[in-house]
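Let's walk through a protein together, one step at a time. Take a moment to look over the sequence and the model, and then follow along.

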Amino acid sequence: QVHLVESGGGLVQAGGSLRLSCAASGRTFSRYTMGWFRQAPGKEREFVAAISWSGGTRYYADSVKGRFTISRDNAKNTLYLQMNSLKPEDTAIYYCAADQNPRGLYSGSYFASAYDYWGQGTQVTVSS
């Protein structure tokens, strides 16, 4: 079991930056594949980024590639999402998620169904 708590959201102007954090409880964080998803009003939850347990492999949605960076600090049980060059279309609630399956990062990591645990979300609003 792992408990996830996101923080770092807020209101920012277009072109600005934010850094989201996801603090995880428990001693097995380093074994989990981790991901970030987002959900805008009236839309389905969509994949943003994912990272392997070691941090050596990362996946990104095309819409954020080159602007967002996912990273993790296993010693601090924390996942990060650095968001630069933010656009109004990035406005959403951002969720972190943990996949406890030992298979690791794989093609299914793009889908919410691959993840076992979710945080409560943090709001990101980008004004034009």
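Serine 85 sits in the loop between strand 8 and strand 9. Keep in mind as you look at it that this is a predicted model. Is serine 85 buried, partly exposed or exposed? Its relative accessibility is 40%, so serine 85 counts as partly exposed. The backbone here deserves a glance too: serine 85 has a positive phi of about 50°, although it is not a glycine. Most residues other than glycine have a negative phi.

Asparagine 77 lies in the loop between strand 7 (68-73) and strand 8 (78-83). Its phi is near 55°, again a positive value in a residue other than glycine. What about its surroundings? Asparagine 77 has a relative accessibility of 18%, and residues under 20% are called buried, so asparagine 77 counts as buried. Leaving out residues up to four places away in sequence, asparagine 77 touches Cys22, Ala23, Ala24, Ser25, Gly26 and Phe29.

Now step back to see the whole chain.

How is the chain packed? Of the 128 residues, 47% count as buried. Look at contacts between residues at least 6 apart in sequence: 60% of them join residues at least 24 apart.

Let's go inside. The largest nonpolar core holds 38 residues, and those that touch the most other members are Leu4, Trp36, Leu79, Leu81, Met83 and Tyr94. Several strands each supply at least two residues of this core, among them strand 3 (18-24), strand 4 (33-39), strand 9 (92-99) and strand 11 (122-127). Not counting residues up to four places away in sequence, its contacts include Cys22, Met34, Cys96, Tyr117 and Trp118.

Next, find valine 12, which belongs to strand 2 (residues 10-13). Valine 12 has a relative accessible area of 13%, so it is buried. Which residues does valine 12 contact, leaving aside neighbours within four places in sequence? They are Ser17, Leu18, Leu86, Thr125, Val126 and Ser127. For a sense of distance, compare valine 12 with glycine 35: they are 23 residues apart along the chain, and their C-alpha atoms are separated by 23 Å.

The accessible surface of the protein comes to about 6,400 Å², of which 48% belongs to carbon and sulfur atoms. The protein also carries 13 positive and 9 negative charges, and the mean positions of these two groups are 6 Å apart.

Terms used: Residues numbered from 1 in each chain as written. Predicted model: local features only at pLDDT ≥ 70, side-chain atom pairs only at ≥ 80, totals over all residues. Heavy atoms only, no water. Buried < 20%, exposed > 50% of the residue type's maximum accessible area, 1.4 Å probe, protein only. Contact = heavy atoms within 4.5 Å. Areas by Shrake-Rupley, 256 points an atom, 1.4 Å probe, with all protein chains shown as cover. Lys, Arg positive; Asp, Glu negative; His and termini not counted. Charge placed at Lys NZ, Arg CZ, Asp CG, Glu CD. Helix = DSSP H or I, 4+ residues; strand = E, 2+ residues; numbered from the N terminus. Core = buried A, V, L, I, M, F, W, Y, C linked by side-chain atoms within 4.5 Å.
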